[in-house]
Amino acid sequence: MNQTPNIKGIRIRTVNLVMLAISLVLFLIVLYMTVQISREYKATVHAMNNYINWSNATHAIQTGTDYLTEQARLYAQTLNKENADNYFHELYSNRSREKALEFLADHNLHSEDPNHDCGLKRALELSNALAFREIYVIRLLAEATGEKLENFPANVRHTRLSAADRTLPPEEKIARARDMLFNPDYQHAKKDIHNTLNQFVSEHMEATRMHQQEQAHELGRVLAEQRVVLIALCLLNILTFSMIIVLIVKPLQVYLNCIKNDRMFELVGAYEFKHLALTYNDIFTIKEHHDKMLKHKAEHDPLTGLLNRSAFDSFRNLLAHDDKPVGLLLVDVDKFKEVNDTYGHAVGDKTLCRVGWLLQHNFRADDLCIRLGGDEFAVILRGKAPGVEKIVSEKVESINQALENPPAGLPAASISVGVAFSNAGFSENLYNNADSALYRVKEAGRRGCQFYDGGNSNESAG
């Protein structure tokens, strides 16, 4: 918050000490309106704080569930008991999911609609149901690896395997355990938790927005009534009229102009108005920050930090009407499925992040590096006409050399790149031309780039 108790300014109360009796009555009305504004502000701040606490609880349940999944999967993949220990430490000691709901209950943070609060409880129930499956998997892995059950919590020791799973040989028990953590049923259960939490956040976001609109309407009504009172006060005393012009009317004009231009209030006028400005500016700052976060999340890929497919479609439509040349690179990570299957999804994700970083590092800041999805990337070269093939080829080769000499912990990789150019804007055929060039790179054995040239793709690096 930007609010400070050391606000300098003349108080309307001081001015009203020299007024006639009727002026004093009018002042009390103005003061009452100021109290109303303060109450509306406190109600808005309270609603915002509740929303923040609900969001934190939602985040805690989501991250706690994801952490349990991660540790269970790591144990299934590596058979390292430390991951199982981490799993049960979170489940029984940290209890981040349960503590989030306990915090809301201890601070009496409940929604006005009791059905909303059920969203978090429902998500926790789904998460706990998923934990039963994960504990079953850990019991299955413990028997497959010969781990002593005494080294596991009571829930694992008391878990009974099905007759079919009990008779499986160790290798098949491990395969069965891994399948239970990666099969569609498990993914669907994870998605149900995610959707339940998202629905909860969306409902509270809408409720908070409606509450802010109501507060703004009430604030406008109070200010309108206040102007009427001030006009009456002007007629009673010329001095009071002058003070109103300086301390009240002028600040109102400034604030209305700020509202019309969608900017923060200036600190002008009487103490009460400066307090109002700070109140409005606090809410304005929170809303602006929240809008920026939503916009960033909507346009960027959460894994690599690059622009996402939605942003690609937006730039594609925007550049379609541009008269400047445009180049398009379509990039595929070669044999990425083998990386995931051999080294696991965590290593696969790191490989994708490294590819994204290398694209950003090698191309200009004005070029748009985008993750289209999976192992597919794109680079839009703005203002780049044909004739830069050599430069692009060198950049692709530099990236491939870096991928073939990875840092410790990452496997060697390579990329295939198809390139096409348009002399004026993002033409309708630009994407298909680049895709055609990429297809020829793959036909030629991958690793390298080719340029589309009127139906033929000329190889330039490989």
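Predicted model: local features only at pLDDT ≥ 70, side-chain atom pairs only at ≥ 80, totals over all residues.
Strands here are DSSP runs of E with at least two residues, while helices are runs of H or I with at least four, both numbered from the N terminus. Two strands pair if DSSP finds at least two bridges between them, and the pairings include these:

| Strands | Sense | Bridges |
|---|---|---|
| strand 1 (residues 326-333) and strand 4 | antiparallel | eight bridges |
| strand 4 and strand 5 (residues 448-453) | parallel | four bridges |
| strand 2 and strand 3 (residues 376-382) | antiparallel | five bridges |

Eight of the eight residues of strand 4 (residues 415-422) are buried, so strand 4 is largely enclosed by the rest of the structure; buried means under 20% relative accessible area, with a 1.4 Å probe and protein chains only. I415, V417, V419 and F421 point one way from the strand, whereas S416, G418, A420 and S422 point the other way. S416 has G448 as its bridge partner in strand 5.

Strand 2 (residues 368-373) has five of its six residues buried, so strand 2 too is largely enclosed by the rest of the structure. Its residue I370 has A378 as bridge partner in strand 3. Strands 2 and 3 form a hairpin with two residues between them, and G374 in the turn has a positive phi of about 60 degrees.

Definitions and conventions:
Residues numbered from 1 in each chain as written. Heavy atoms only, no water. Buried < 20%, exposed > 50% of the residue type's maximum accessible area, 1.4 Å probe, protein only.
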